[in-house]
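This report describes the fold, the helix packing and selected residues of one protein. Please keep the sequence and the structure in view while reading.

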Amino acid sequence: DAATARTLAAVHGLPLATQKEVQDLFGLLALAPARRWLAGVSGSWREAAPQEVAAFLESWRHHRLAMLQTAYLALHDLILGSWYAEPSTWAGIGYPGPLKELQK
């Protein structure tokens, strides 16, 4: 979908070392045992209920391990940054776009 494509484009805009870290994170979360243990999601991500995903993200957001908090922040920033960078989403938040004086 469009959100996934925007997020992928954002990842491709990151430095190569950071792209590798993001790839490793997504690769780990794609493995069923790791997904169950680290995220608490027993089925596939496509089958996960929204409340399961929300609970996973919230648990990482406040986790005692700084590494999981950092992973949460990376996911958060990638998704929100991708969404807010897309002009088609601006009307929904009442953002008129960049000032014309700043555009050249």
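## Helix α1

In helix α1, the buried residues are R6, T7 and V11. They cover an arc of only 140° around the axis, which places them on the same side of α1. The arc is taken from the directions that run from the helix axis to the C-beta atoms. Buried denotes a relative accessible area under 20%, exposed one over 50%, and partly exposed anything in between, with a 1.4 Å probe and protein chains only. The cover over the buried residues of α1 includes α2 and α5; contact here means heavy atoms within 4.5 Å.

## Basis of the model

The model is predicted: local features require pLDDT of at least 70, side-chain atom pairs count only at pLDDT 80 or more, and totals for chains, interfaces and linings use all residues. Residues are numbered from 1 along each chain as its sequence is written, and side-chain values use heavy atoms, with hydrogens and water left out.

## Overall architecture

The protein contains 6 helices and 0 strands, in the order α-α-α-α-α-α along the sequence. Helices (H or I, at least four residues) and strands (E, at least two) are DSSP runs, numbered from the N terminus. The C-alpha trace spans about 50 × 30 × 25 Å along its principal axes.

Of the 104 residues, 23% count as buried. Among the contacts with a separation of 6 or more, 30% are accounted for by residues 24 or more positions apart. The accessible surface comes to about 7600 Å², and 64% of this area belongs to carbon and sulfur atoms; the areas come from the Shrake-Rupley method with a 1.4 Å probe, and for residues only the protein chains shown count as cover.

The protein carries 9 positive and 9 negative side chains, and the centres of the two sets lie 2 Å apart. In this count Lys and Arg are positive and Asp and Glu negative, while His and the chain ends are not counted. Each charge is placed at NZ of Lys, CZ of Arg, CG of Asp or CD of Glu.

## Helix α2

Helix α2 comprises 15 residues (residues 16-30), which at 1.5 Å a residue should span 21 Å; its end C-alpha atoms are 21 Å apart, in agreement with that value. The expected span is 1.5 Å times one less than the number of residues in the helix.

Which residues of α2 are buried? They are Q19, V22, L25 and L29. These residues cover an arc of only 125° around the axis, which puts them on the same side of α2. On the other side of α2, the residues L16, A17 and Q23 are exposed. The buried residues of α2 are covered by elements including α1 (2-12), α3 (32-39), α4 (50-61) and α5 (66-84).

Q19 illustrates this buried side: its relative accessible area is 18%, and Q19 is therefore buried. Leaving aside neighbours within four places in sequence, Q19 is in contact with V11, H12 and L14. V11 is itself one of the buried residues of α1.

The buried residues of α3 are A34, R35, L38 and A39. Seen down the axis of α3, they fall within an arc of 100°, so they line one face of the helix. This buried set packs against α2 and α4. The face turned away from the buried side carries the exposed residues P33 and W37. After α3 comes G40, whose phi is positive, near 75°.

V41 is located in the loop between α3 and α4. With a relative accessible area of 0%, V41 is buried. Not counting residues up to four places away in sequence, V41 touches R35, R36, A48 and E52. The C-alpha atoms of V41 and A55 are separated by 9.3 Å, and these two residues are 14 residues apart along the chain.

S42 also lies in the loop between α3 and α4. Apart from neighbours within four places in sequence, S42 is in contact with R36 and E52. The C-alpha atoms of S42 and A32, 10 residues apart along the chain, are separated by 7.2 Å.

## The segment after α6

Y95 lies in the segment after α6 (90-93). Y95 and Y84 are 11 residues apart in sequence and 9.7 Å apart in space, C-alpha to C-alpha.
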